[in-house]
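Work through the exercises below with the sequence and the structure open. Each task is followed by a solution in steps.

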Amino acid sequence: MSQQVSGLDPEEQAQLDREDEEGRDLVRPPDVNEESNRSATRLELFFDLAFVLFVARCADILAKDETWPGAFTFIAVVAIGWWSWASAALYANRFDTDDAIFRLLTLTGMAGVVAMAASVDKLDATTSRWFALAYVMLRVVLIVGYLRAWRALPDARRTIRPYLLAHAAGAAVWLTSLAVPTPGRYVLWGIGVAVDLVGPTLAARLKDGIPLHMEHLPERFGLFVILVLGESVAAVVTGIHDAGWQPGIVVTAALAFLIAAALWWSYFALSGGVAKRRLVQEGHERTRQGVHDFFVYAHLPVAVSLATVAVGLEHAIVHGTEGHLSSGTRTVIAFGLAGYLASVALIQAVLARHLRPALLWPGAGVLLIPIVCLFNLRPPVLLAVLAAIMVAGVATGTAQHRAGQIHTAET
């Protein structure tokens, strides 16, 4: 007998009863997620915590080595971690039933992410083996999940097949890399990730495939953006802590926080809102194939750029009382901010199908920020100019929104 809750209409009461009944079922077969108000679960949020650690350890690579080889290594490992997260999010988007088996699989994958985070900043011959095994663990978790869905949902098998084959092939390449010495091992890692990416791309081309949940998708990727943005906030804290509460440090840290806030605003109130509006309009109707593919993959440079910005801001704060920043730090800041703005401008322009507003902002910032970083300005002055550009850009985008030149949905 269900417990009645006062103040609820019959439909809401029925929903509570269904959720209570499902909660008593320890094991449930995977099913296609079709709830109109599907949102991120607490388990997904817990899973994301492991990636907070992973991104932070990746940032240490660039912080210690602001050279082109260091940057390449940093981008490569962030891309691997991002795809590990994204591929798990794509499975949960369609088939998450939050039963005991799914929870155990997710927690196992989370352990794999922890192992990746613990080994990512020193990928020598020994540690790289642990990194590779942890990545394979994540692939195995996904393979088991898709096999469960294959068994339970015959109508979904055409959609599941490309994921299964690609994840299995990618895992096989990564396992093979264990027998290959570095740097050949790293080449096989890249091949393995490329093979892995084929699955979602092929599945998206199926005319009768199981669609992604278009409301849950932007929420999950928005949460990942917040996760990486948190590194910039952490950079402010670390910078003040390590450099002390000197007036110059505090001013520089305040400006760094203002830049981080503008980055958040630019995505969630503007470009990300434009993207969500388009995805929600698409819904479950494949009116244009590739829209969600573009949305997913365009967030890789967003993640890499935001992690880069965090490293640059922390160094700028730590050296806030010095005369000038190194050319490496200024390059990191320039590439991070410009890369982020270029990525969100592309997302906005493509998904809004309107180029001009995106060229005005964030597009203008892509040109202005590298020019400013060419000048050897003192850290507070440099961040003040960059913050002014970011705030002016957000104001411009907000004015465009109010004038009806861009249309967003709440993110």
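Predicted model: local features only at pLDDT ≥ 70, side-chain atom pairs only at ≥ 80, totals over all residues.

**Exercise 1: an aromatic pair across the chain**

Task: Count the aromatic pairs, then describe the one formed by W85 and F224.

Solution. 
- Step 1. The count comes to 20 aromatic pairs.
- Step 2. In the pair of W85 and F224, the ring centres lie 4.5 Å apart and the planes meet at 40°, so this pair is tilted.
- Step 3. The pair links distant parts of the chain: W85 sits in helix α3 (residues 68-95) and F224 in helix α8 (residues 216-243), 139 residues apart.
- Step 4. W85 is buried, because its relative accessible area is 0%. F224 is buried too, at 6% relative accessibility.
- Step 5. W85 and F224 belong to a cluster linked by ring pairs, which also includes F47, F51, F221 and F295.

**Exercise 2: a nonpolar surface patch**

Task: Which residues form the nonpolar patch on the surface, and which helix gives the most to the patch?

Solution. 
- Step 1. The patch consists of F46, L49, V52 and L107, with about 320 Å² of accessible area together.
- Step 2. Helix α2 (residues 42-64) gives the most, with three residues.
- Step 3. V52 lies in helix α2. V52 counts as partly exposed, because its relative accessibility is 30%, between the cut-offs of 20% and 50%.

**Exercise 3: Q348 and its surroundings**

Task: Is Q348 buried or exposed, and which residues does Q348 touch beyond four places in sequence?

Solution. 
- Step 1. Q348 is placed in helix α11 (residues 327-352).
- Step 2. Q348 is buried, because its relative accessibility is 2%.
- Step 3. Not counting residues up to four places away in sequence, Q348 touches S271, V274, R353, P357, A358, W361, P362 and I406.
- Step 4. Among these contacts is R353, found in the loop between α11 and α12. R353 is exposed, because its relative accessible area is 56%.
- Step 5. W361 and P362 are also contacts of Q348, and a cis peptide bond with omega of about 20° joins the two. P362 lies in the loop between α12 (355-360) and α13 (363-374).

**Exercise 4: backbone features in loops**

Task: Describe the peptide bond between T182 and P183, and the phi values of D98 and R353.

Solution. 
- Step 1. The bond joining T182 and P183 is cis, with omega of about 5°. P183 lies in the loop between α6 (157-177) and α7 (184-204).
- Step 2. D98, a residue other than glycine, has a positive phi near 55°. D98 is in the loop between α3 and α4 (100-119) and is partly exposed, because its relative accessible area is 26%.
- Step 3. R353, a residue other than glycine, also has a positive phi near 55°.

Terms used
Residues numbered from 1 in each chain as written. Heavy atoms only, no water. Helix = DSSP H or I, 4+ residues; strand = E, 2+ residues; numbered from the N terminus. Buried < 20%, exposed > 50% of the residue type's maximum accessible area, 1.4 Å probe, protein only. Contact = heavy atoms within 4.5 Å. Patch = residues over 30% accessible without salt bridge, like charges linked within 9 Å, V, L, I, M, F, W, Y side chains within 5 Å. Areas by Shrake-Rupley, 256 points an atom, 1.4 Å probe, with all protein chains shown as cover. Salt bridge = Lys/Arg side-chain N within 4 Å of Asp/Glu carboxyl O. Phe/Tyr/Trp six-rings, centres within 6.5 Å; stacked < 30°, edge-to-face > 60°.
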